[in-house]
Amino acid sequence: MQGVFGRYLEVDLTSGKIEVKNLSEEVFLKYLGGLGLATRLIFDYTEPHIDPLSEKNVLVIAPGLLVGTGLPTASKTTLTFKSPLTNGFGRSVAGAYLGVALKKAGYDALVIKGKSSKPVYLLIEDEKCELKDASHLWGKDAIETQEILKIEHGNVNTCAIGYSGEMLSKISGIDFEERQAARAGGGAVMGSKMLKAIAVKGTKEIPVVNSEKLKEAIKRWNGKIIGSEVAKLDMAYGSGEFYEWVNKEIGVFPVKNWQQSYFEDSFKAHPDGKSHLDPYYWSPIYTEKLHPCPNCNKPCGRHIVIKDGKYAGLRVEGVEYEILYSLGGVLGIEDIEVTAKLNSICDRAGLDGISAGVTLAWAMEAYEKGLLTKEDTDGLDLRFGNGDAAVQAMEKLAKREGRLGELLFNGVKEASQKLGKGSEKFAIEVKGLEPPAYDVRGLKGMALAIAVSVRGACHLTGGIYAPELTGKFWKLSNVDRLSTNWKGYEVKTGEDFMTVYDTIGMCKFSRSLFWLEDDILEGIEAVTGIKMGVDWLMTIGERIYNLQKLFNVREGFGRKDDYLPYRVTHEPISNGVSKGHLVTEEELQKMLDEYYMARGWSKEGIPTKMHLKRLGLDKEAEEYGAPI
């Protein structure tokens, strides 16, 4: 099989030993690369019930199958690990130039195990791989660290953790040159290993089976992008382009810790009726330049610069749709400059901006309810909409400073358990992971999706917000966002589809341009020489997803862990066009039954032996599969 090197790099931080290990063709035929390969490796390398912050945990980094080939928007690299936040399957994905460099250095994946006795970073230059002293980098923020590595080593691609990851925050992530693999606590895993950063230089050509066919595919794919409406909107306004539509026409933009689902105050604050969180307002004012992921010619990312006021000189990559929510609306903040400042704090500290913002929103509600006092907040008037207090609070969280920083440092679930006093009822999380920017009370398929996602409250595991918001996606049509019917089949289809995308490394913002049957199969064949059909490809996605599920099963996860936040099941949406809607516990249980049936799992949500064997997971079937 072409398109791969058939090997990965294993780094043992405890012994300092670095080895190149071979991968069989069978592994690639069953898992392809990216998320698939990373799932297989993390499952095989980790034992059940280990402490995620012990040296027994493993970090796997795997670029998608098509990454580095030149195919447009094939940019994504996947990380897997046991999550310190959820104690289950941890996954994060970034549009990482480091992934391209790793592939061109001749490695299909990187496996990091053990723990160093002192701070180190990993330097990979093709065949030359070494651990180097990182004492001069320890304590520095994630972005500064990478800037130093580029000065020291020249043309390398990098990733690094910030000081929150060093201090083992369970909501810390890893920065890849201002693109974040943020979710589920991967930064804490790196920090626990005393691994500050990775720098890679790769100069090899990726072996492809048919370079002429690949060039034709690249040309055809580019033709779909250039001049398309999707490209125009992405480049002009980024991922938040539909902010006003989600607020006003759908009514599912969570505000003030999900107490509201339409940021009414923001739209009413200005004579023109425009919210200042809307990219149609701020992007033309603040955008300095676009910031593409590898091989992307429709970049949604951008660097913005604030030129005046208290944050004058601030430059940050963003602000993405999810951040407009987690560091904006969910905090009751509509000042884009405050949101940008919060974004910068998170990026430099190495914090997951979604988790950090939702955690802070919980604290604001607790403060307004009198459950937290000014003594608890270190003197901060932590009301919704107080931007100055939010900035100070985020800095405390990032550095674990004061009583407030200590309380919030590890996310909302742990914070609510520490505080008690009924605050668990407005702690918005699933499996410990804070949710993204979609109020699922008005998107019932999305509610099921975040309940069952293997990594917790995640919008990208199944991408179900797309059919729920628009009524259709790929083979799904006539989707009613307020109905619970057929949601199990909808979510199962979305999960398998998105697993394929993460496995081959395609950007999910391209999924409306490049379909499996028309484009993706063409790209895979040009690179690897393998001819396969859509059903085969979707079965690969299903196999990978079931293996992720089994990772959680062997950790003791079951139906009890596929839940929704109390607010979602007990408190109807209070304003906007979706006012009055919620997802009752009875509705959730009905959807779970349907989902497990669609998946071929037991009533307890455990993959059955028969189903696992059908997917070629015979060994796992005998050890973990449900009998029926």
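How near do the axes of helix H7 and helix H21 come, and at roughly what angle do they cross? The axes of H7 (residues 211–225) and H21 (residues 516–528) come within 9 Å and cross at roughly 155°, where axes are lines fitted to C-alpha atoms, for helices over the stretch in contact, and angles run from 0 to 180 degrees between N-to-C directions. This is a predicted model, in which local features need pLDDT of at least 70 and side-chain atom pairs count only at pLDDT 80 or more, while totals for chains, interfaces and linings use all residues. Residues are numbered from 1 along each chain as its sequence is written, and side-chain values use heavy atoms, with hydrogens and water left out. Helices (H or I, at least four residues) and strands (E, at least two) are DSSP runs, numbered from the N terminus.

**Helix H7 against helix H21**

- The crossing angle makes H7 roughly antiparallel to H21, given that angles under 35 degrees count as roughly parallel, over 145 as roughly antiparallel, 65 to 115 as roughly perpendicular and the rest as oblique.
- H7 passes H21 in a left-handed crossing; a crossing is left-handed if the near helix is turned anticlockwise from the far one by less than a right angle, and right-handed if clockwise.
- On the H7 side, Lys213, Leu214, Ala217, Arg220, Trp221 and Lys224 meet Asp518, Asp519, Ile520, Glu522, Gly523, Glu525, Ala526 and Val527 in H21, with contact meaning heavy atoms within 4.5 Å.
- The residues of this contact of H7 with H21 divide into 6 nonpolar, 1 polar and 7 charged, where Ala, Val, Leu, Ile, Met, Phe, Trp, Tyr, Cys and Pro count as nonpolar, Asp, Glu, Lys and Arg as charged, and the others, Gly among them, as polar.

**Helix H14 against helix H17**

- The axes of H14 (residues 353–368) and H17 (residues 412–419) come within 9 Å and cross at roughly 25°, which makes H14 roughly parallel to H17.
- H14 passes H17 in a right-handed crossing, and the contact is made by Thr359, Trp362 and Ala366 of H14 together with Val412, Ala415, Ser416 and Leu419 of H17.
- In the contact of H14 with H17 there are 5 nonpolar residues, 2 polar ones and no charged ones.

**Nonpolar cores**

- The largest nonpolar core has 162 residues, of which Trp362, Met394, Leu516 and Ile520 touch the most other members; such a core is a set of buried Ala, Val, Leu, Ile, Met, Phe, Trp, Tyr and Cys residues joined through side-chain atoms within 4.5 Å.
- Leaving aside residues up to four places away in sequence, Met394 touches Leu327, Leu342, Ile345, Cys346, Leu351, Ala356, Gly357 and Leu360.

**Helix H18 and Val452**

- In H18, 9 of the 9 residues are buried, so this helix is largely enclosed by the rest of the structure; buried means under 20% relative accessible area, exposed over 50%, and partly exposed in between (1.4 Å probe, protein chains only).
- The buried residues of H18 pack against H19, H20, helix H22 (534–553) and helix H24 (585–599).
- Val452 lies in H18 (residues 444–452) and counts as buried at 1% relative accessibility.
- Not counting residues up to four places away in sequence, Val452 touches Lys431, Val491, Glu495, Tyr545, Asp562, Leu592 and Tyr595.
- Between Val452 and Glu147 there are 305 residues of separation in sequence and 39 Å in space, C-alpha to C-alpha.

**Residues in loops**

- Ser239 has its place in the loop between helix H8 (229–237) and helix H9 (243–250), and Ser239 is buried, with a relative accessible area of 14%.
- Cys300, Glu320, Tyr321 and Phe509 are touched by Ser239, not counting residues up to four places away in sequence.
- The peptide bond from Gly318 to Val319 is cis, with omega near 0°, and Val319 is found in the loop between strand S15 (315–317) and helix H12 (321–326).
- Asp378, in the loop between H14 and helix H15 (387–399), has a phi near 60°, a positive value in a residue other than glycine, and counts as partly exposed at 29% relative accessibility.
- Asn478, in the loop between helix H19 (465–470) and helix H20 (487–504), has a positive phi of about 55° although Asn478 is not a glycine, and counts as exposed at 76% relative accessibility.
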